[in-house]
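This report covers domains, helix packing and backbone geometry for the entry shown here.

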Amino acid sequence: MLDIKFLKDNIETVTERLATRGTVPDLSFIKSLDEKRRALLGSVESLKQKRNTVSQEVGRLKKEGKDASSIMTDMQGVSAEIKALDAELAECDGALKTFLLELPNLPHDSVPTGRSEVDNVEVRAWGKPKEFGFVPKEHTEIATALGILDFDAASKLSGARFSLLKGAGALLERSLINFMLTIHTTEHGYIEVLPPFMVKESACLGTGQLPKFGEDLFKIEGWDHYLIPTAEVPVTNIHAEEVLSVGNLPIKYTAFTPCFRKEAGSYGKDVKGLIRLHQFNKVELVKFADPAKSYDELESLVSNAEEILKRLKLPYRVVNLCTGDIGFSAAKTYDLEVWLPGQATYREISSCSNFEDFQARRANIRFKPEGGGKNRFVHTLNGSGLAVGRTLVAIVENYQNEDGTITVPEALRPYMNGLEKIQR
RNA sequence: GGAGAGGUGGCCGAGCGGUUGAAGGCAGCUGCCUGCUAAGCAGUUGUAGGGGUGACUCUACCGGGGGUUCGAAUCCCCCCCUCUCCGCCA
């Protein structure tokens, strides 16, 4: 959510900057709506002041045993008027809030301007795609043949876009989770969190999934709860409605959770394999930062996620998403894209963003600045560290051998009971 | 699921229809004092929003939302959460 004060004083700038994202909002009415609101507020507050003083007067008269019935009757009218104005004011506030909740974040100055993913800018690349002495296969083919992935069983149980891992496949997924969490907690200083996988509507409003993107969420029938689409939602909202002390910043959490997404509108995209599922595992990194330092924190968050790929020796590149491709709540996003030899392409495996105070304002997460003064909103950041299923895909494809086996990356072996090779 | 108790300021805790933004205590801050010394005394300390260049001032906030009333932290209704006991259960 953008700051209404900033917005109404900078309508043209805001419009221009939002336009670079591809949405051209009509902000013209904001100013008049805000003026209307302030006018209403002024009159209702002076009426309330009148009511307060007269009510005290009534109390005093009654105490003295005098008659107050005529002013009491007068005040009935005043109260009715207050009620009507309050209702009008609430309507005004509601309209403003609804509008603000559906307005995306402003892109940071360092975000390249562009319309779609083709305008994203590669920042750096690490590792060289391996040369295979044979034609590398896609993960589905390899893993299915090895009996560690069973899509037939998954679709019998749950339909399309679900997966079922077996044997060494399930072990690989579990080991990856453990591996990532261990590095982030013991080397990168994150506190591990295991949050609920269902959250209330307010949490989804806080991080920006609602009200606009409800069609992507699974809602529990007959209940005000949603399956989390990412750990970002429960973990960021841990500190909703709180005032943190600046000395504790940055607060860094890492969390493993499954993620549930409807993927509505993605029909035909990535239909094969483990790339796009209704349920997938992810290890998430979340930070609450001092606004002055949040962009440094974004860089270190990205490097924390990169470290996982480096340890696994998986080639990747870092991409600075352009204005047309960053998410609704983000001010700036780096994607990590891992090389997939079976598809001969880089695929997104992590997305790391600084949301600045966009989420903090929604979730009301503040901090007391150094030396006191008014409470301010923190900056929130998060990133995948990493998407576990896609990491498994990358390992299967990058570590495949001509004979159909998969070599286990060295860094992972301690987590897999020393297993060096996955074979039938 | 059944029965009960409760949700008040940074924390503890009073208030239960009328100067109560809220006693008292703790904690914090500021002075003063200083041979009763891990002390004493005095003052002060919330958030959000509106108006004013400003000193300042007004409004709202006692879990959330409605209602009754001239007036609600206090009464009524609905909801949420926490705790205790019972039942069920991994």
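The model is predicted, so local features need pLDDT of at least 70 and side-chain atom pairs count only at pLDDT 80 or more, while totals for chains, interfaces and linings use all residues. Residues are numbered from 1 along each chain as its sequence is written, chains are lettered from A and ligands numbered from 1 in the order in which they are written, and side-chain values use heavy atoms, with hydrogens and water left out.

**Domains.** Chain A is assigned domain 1 (4-101) and domain 2 (117-422), with bounds that come from an automatic or database domain assignment. Their C-alpha centres are 43 Å apart. Domain 1 puts four residues into the contact and domain 2 puts in nine residues, where contact means heavy atoms within 4.5 Å. About 560 Å² is buried between the two domains, and carbon and sulfur atoms give 45% of this area. Buried area is the accessible area (1.4 Å probe) that two parts lose on being put together, summed over both. Of the area that domain 1 buries against domain 2, 91% is supplied by Thr-20, Arg-21 and Leu-101, more than by any other three residues.

**Helix packing.** Helices (H or I, at least four residues) and strands (E, at least two) are DSSP runs, numbered from the N terminus. Axes are lines fitted to C-alpha atoms, for helices over the stretch in contact, and angles run from 0 to 180 degrees between N-to-C directions. Helix α7 (residues 168-186) packs on helix α10 (residues 294-311) at about 130°, with the axes 10 Å apart. The two helices are therefore oblique to each other (angles under 35 degrees are roughly parallel, over 145 roughly antiparallel, 65 to 115 roughly perpendicular and the rest oblique). On the α7 side the contact is made by Phe-179, Met-180, Ile-183 and His-184, and on the α10 side by Asn-304, Ala-305, Ile-308 and Arg-311.

The axes of α7 and helix α12 (residues 388-398) come within 10 Å and cross at roughly 115°. Residues of α7 in this contact include Leu-172, Leu-176 and Met-180, and those of α12 include Val-388, Leu-392 and Ile-395.

| Peptide bond | Form | Omega |
|---|---|---|
| Leu-249 to Pro-250 | cis | near -5° |
| Gly-385 to Leu-386 | cis | near 15° |

Pro-250 is in the loop between β5 (242-245) and β6 (251-260), whereas Leu-386 lies in strand β13 (residues 379-387). Glu-241, a residue other than glycine, has a positive phi near 65°. Its place is in the loop between α9 (232-236) and β5. Most residues other than glycine have a negative phi, and most peptide bonds are trans.
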